[in-house]
Amino acid sequence: GLRIESMELIPVILSGGVGSRLWPVSREAHPKPFMDLPDGQNLIQKTFLRASRLEGVVEVLTVTNRELLFKTEDEYGAVNTAKHAQGFILEPFGRNTAAAVAAAALQLEAIHGPDAQMLVLAADHLIKDEKAFAAAVSSAMALAADGWLVTFGTQPTYPETGFGYIEAQKDAPLTGGLKVARFVEKPNLETAQNYVSAGNYFWNSGMFCFRVGSVLEELRQHAPDVVEAVSKTIESSRLTSSTKYRCLALDAEAFAQVPDISIDYALMERSSKVATVPCDIGWSDIGSWNAVSELTAPDENGNRFEGEVLSHGSRNNYVNSEGRLTALVGVEDLLVIDTPDAVMIAHKDHAQDVKHIVNQLKASSHTVHLLHRTVHRPWGTYTTLENGERFKIKRIVVKPKASLSLQMHHHRSEHWIVVSGMAIVVNDQQELMLNTNESTFIRAGHQHRLMNPGVIDLVLIEVQSGDYLGEDDIVRFEDNYGRVDK
């Protein structure tokens, strides 16, 4: 085989899932990978760090939604000490994992050649044993170098019915792994118990390792429609490079033609070249609030609390309430998740069913599945404090040296009051410097822009008034983040 040390490895982080079972903390504009865990890091930061610490890494490539680029970049920036390159592939909308893997493989082949290896990771999974993970990756790389498509099979610790399983061939050991006989769908309890006792069944962790040339060859054989449609998309897409990272923004019209199919169905279940590396790495997909609750230690009554909680005669509950006091009296086995604009209470046995509420919200025109009360923008955040008949009050936080787009509203005027920091404001033809406790008034129809020239956050209160206060009443003239109206 090849010497592993000389091989180029590119971890590919797939960050597309919404995590609807973790509502109301996970929302479309603030999905599961960005959820803070008890230790203060979120899942995407943990995945990025785990990936960049591996041997032989030359680049970390992230495939994510176009809307989440700036947020992802911020999260990486907060923890990134590595010196290797970063790439992004931006999807206009989700098209499942086969499309994401094909796009990554095609781009990596063009940049690093067919012998480079890609390690596909989910942005929102947790792995507790990093040493065992690194060892599993090096076994996987050795197999991938020989042309195998490698999966990571997690040792099942109990008969889980929420995961798919990998059945390994008992009589086909490979160096560092096993040949895969087949993939099996999520089983019922009795079947899952049989799998666990059989000993050659593993949880399908959704992580893969391939030689770039091999995965493209196999995709062309088993899912040619996916590769062709993704190739066409890349041809009509824009590739930009800055000192910080390389970015491929996929063309929406072409990407809409790509089949919506998972890498498991499109390739892994059809190929005869699939191997698995059995591993015990403390893996969890953090698939529900039950899994999140296990990250917090229980007290003597089995309660696990995040935030300020008082409890009387209550057992085995999980409360996540950062913003206000929660009190439990005489209840058991509940999940209580509190956010500023929504509270979710579920029985632990029904943790998987939270997604049905999200579906109801989507069907109504409620935005609580989409946005938090605080919304992240490339330049900072805004929080809606009050929303009245003809007025809206927001707290706006602008990062140091950042600026909003030069814009105009037809239907509303705005008062801006600086609470802390300093602002440079363009208001119609004037440019003003506002210090703490100073304000300005912007009439409807006037072009305006807000900038933070300082080194600390600029915090201001915006009072909007007018007959229509929707976020879509905005005409952008210039924007540092490429969001200008054509």
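Start by selecting helix H7, residues 224-235, and then show what covers its buried residues, a set that includes helix H3 (96-112), helix H6 (212-222) and helix H8 (252-255). Here a residue is buried under 20% relative accessible area, exposed over 50% and partly exposed in between, with a 1.4 Å probe and protein chains only, while helices (H or I, at least four residues) and strands (E, at least two) are DSSP runs numbered from the N terminus. The model is a predicted one, in which local features need pLDDT of at least 70 and side-chain atom pairs count only at pLDDT 80 or more, whereas totals for chains, interfaces and linings use all residues. Residues are numbered from 1 along each chain as its sequence is written, and side-chain values use heavy atoms, with hydrogens and water left out.

Stay on H7 and colour its buried residues, which are Val226, Val227, Ala229, Val230 and Thr233. An α-helix has 3.6 residues a turn, so residues three or four places apart point the same way. The 12 residues of H7 reach 17 Å from the first C-alpha to the last, close to the 16 Å expected at 1.5 Å a residue, where the expected span is 1.5 Å times one less than the number of residues. Pro224 also lies in H7, and at 34% relative accessibility Pro224 counts as partly exposed. If you draw a distance from the C-alpha atom of Pro224 to that of Asp280, 56 residues apart along the chain, the separation is 34 Å.

Next, select strand E7 (residues 165-174) and strand E8 (residues 177-184), which run antiparallel and are joined by 6 bridges; two strands pair if DSSP finds at least two bridges between them. Within this pair, Ala168 stands opposite Val180 in E8. E7 and E8 form a hairpin with 2 residues between them, and Gly176 in the turn has a positive phi of about 85 degrees. E8 is also joined by 2 bridges to strand E12 (residues 274-279), again in an antiparallel arrangement, and there Lys179 stands opposite Ala275 in E12.

Move on to the open sheet of 6 strands, whose order is E18-E19-E20-E27-E22-E25 with antiparallel pairing. Strand E18 (374-377) and strand E25 (439-442) stand at the edges, each with a single partner strand, so one side of each is left without a neighbour in the sheet. Neighbouring strands of this sheet are turned by 20 degrees against each other on average, direction ignored, the axes being lines fitted to C-alpha atoms, for helices over the stretch in contact, with angles that run from 0 to 180 degrees between N-to-C directions.

Then select Asn427 in strand E23 (residues 423-427), a residue that is buried, with a relative accessible area of 6%. The side chain of Asn427 reaches the backbone oxygen of Phe441 at 2.9 Å. Leaving aside neighbours within four places in sequence, Asn427 is in contact with Thr440, Phe441, Ile442, His446 and Gln447, where contact means heavy atoms within 4.5 Å.

Finish with the salt bridges, of which a search of the whole structure finds 16; each is a side-chain nitrogen of Lys or Arg within 4 Å of a carboxyl oxygen of Asp or Glu. Select Lys46 and Asp39, whose closest N and O atoms are 2.5 Å apart; Lys46 counts as buried at 17% relative accessibility, whereas Asp39 is exposed, with a relative accessible area of 51%.

The side chains of Glu130 and Arg53 meet in another salt bridge at 2.8 Å, N to O. Glu130 lies in helix H4 (residues 130-145) and Arg53 in the loop between helix H1 (43-52) and strand E2 (59-65), so the pair ties together parts that are 77 residues apart in sequence. Glu130 is partly exposed at 30%, and Arg53 is exposed at 53%.

For the last pair, select Asp338 and Arg324, which meet in a salt bridge at 2.8 Å, N to O. Asp338 is in strand E16 (residues 334-339) and Arg324 in strand E15 (residues 318-329), 14 residues apart; Asp338 counts as buried at 11% relative accessibility, while Arg324 counts as partly exposed at 47%. Lys392, Lys394 and Glu471 can be selected together, as salt bridges that share partners join them into one network.

Key: A polar contact is a pair of N or O atoms within 3.5 Å; within protein, one must be able to donate a hydrogen and the other to accept it, and residues adjacent in sequence count only if both atoms are side-chain atoms.
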